[in-house]
Amino acid sequence: MVLTLEVPDDIAQALSGAGHADPQRFALQAVAAEGYRKNRLTQKQVGEVLGLSRIQAEDFLACHADPDEYEPDRLAREAESLRRYSESRNR
């Protein structure tokens, strides 16, 4: 499938000026990283869409898509669970 995005020239120039020589590549990377963060793409699929080896895809995701990002509520629940577990072990 081919996807085409229309971006105003000033935005494309801003992306190019921000160290992204290829705005199309930047957009593709953003889509791949977000797909991985949302658990819709696997590391292998990210590598395929970006044309990266397994190691390159792993490195890309380490820099762009932290799989351990937590929503604040989830983090609070897990912290409370760990606190209760720690207390039960110290009795």
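**Helix packing and a pocket**

Me: So H2 and H4 come out roughly perpendicular to each other. What angle do H2 and H4 pack at?

Reply: About 80°, and their axes are 10 Å apart. An axis here is a line fitted to C-alpha atoms, for helices over the stretch in contact, and the angle runs from 0 to 180 degrees between N-to-C directions. As for the wording, angles under 35 degrees count as roughly parallel, over 145 as roughly antiparallel, 65 to 115 as roughly perpendicular, and the rest as oblique.

Me: Before I go on, what are the ground rules for this model?

Reply: This is a predicted model, where local features need pLDDT of at least 70 and side-chain atom pairs count only at pLDDT 80 or more, while totals for chains, interfaces and linings use all residues. Residues are numbered from 1 along each chain as its sequence is written, and side-chain values use heavy atoms, with hydrogens and water left out.

Me: Back to H2 and H4. Which residues make the contact?

Reply: From H2 you have Gln 29, Ala 33, Tyr 36 and Arg 37, and from H4 there are Phe 60, Leu 61 and His 64. Contact means heavy atoms within 4.5 Å. By class, the contact of H2 with H4 has four nonpolar, two polar and one charged residues. For the classes, Ala, Val, Leu, Ile, Met, Phe, Trp, Tyr, Cys and Pro are nonpolar, Asp, Glu, Lys and Arg are charged, and the others, Gly among them, are polar.

Me: And how are H2 and H3 arranged, parallel or antiparallel?

Reply: H2 packs on H3 at an angle of about 170°, with axes 10 Å apart, so the two are roughly antiparallel. On the H2 side, Arg 25, Leu 28, Gln 29, Ala 32 and Tyr 36 meet Gln 43, Val 46, Val 49 and Leu 50 of H3. Those residues divide into six nonpolar, two polar and one charged.

Me: What about H3 and H4, what's the angle there?

Reply: About 100°, with the axes 9 Å apart. That makes H3 roughly perpendicular to H4. Gln 43, Val 46, Gly 47 and Leu 50 in H3 touch Arg 54, Ala 57, Glu 58, Phe 60 and Leu 61 in H4.

Me: How much of the chain counts as buried?

Reply: 12% of the 91 residues. Buried means under 20% relative accessible area, exposed means over 50%, and partly exposed is in between (1.4 Å probe, protein chains only). On contacts, residues 24 or more positions apart account for 31% of those with a separation of 6 or more.

Me: New topic: how big is the largest pocket?

Reply: Its volume is about 560 Å³. On a 1 Å grid over the protein atoms alone, a pocket is an open set of points with protein on both sides within 12 Å along at least five of seven lines, whereas a cavity is a set where a 1.4 Å probe fits but cannot get out. Grid points are joined across faces, edges and corners, and the volume is the space filled by probe spheres set on the points.

Me: Which residues lie nearest its centre?

Reply: Leu 3, Leu 5, Gln 24, Ala 27 and Leu 28, out of 18 lining residues, where lining means having an atom within 4 Å of a point. H1 (9-17), H2 (23-37) and H3 (43-50) each supply at least two of the lining residues, and the largest share, seven, comes from H2. By class, the lining has 13 nonpolar, three polar and two charged residues.

Me: Which residue has a positive phi although it is not a glycine?

Reply: Asn 39, with a phi of about 60°. Asn 39 sits in the loop between H2 and H3 and counts as exposed, at 72% relative accessibility.

Me: And Val 31, buried or exposed?

Reply: Exposed, at 55% relative accessibility. Val 31 belongs to H2, and its C-alpha is 9.3 Å from that of Val 46, 15 residues apart in sequence.

Methods. Helix = DSSP H or I, 4+ residues; strand = E, 2+ residues; numbered from the N terminus.
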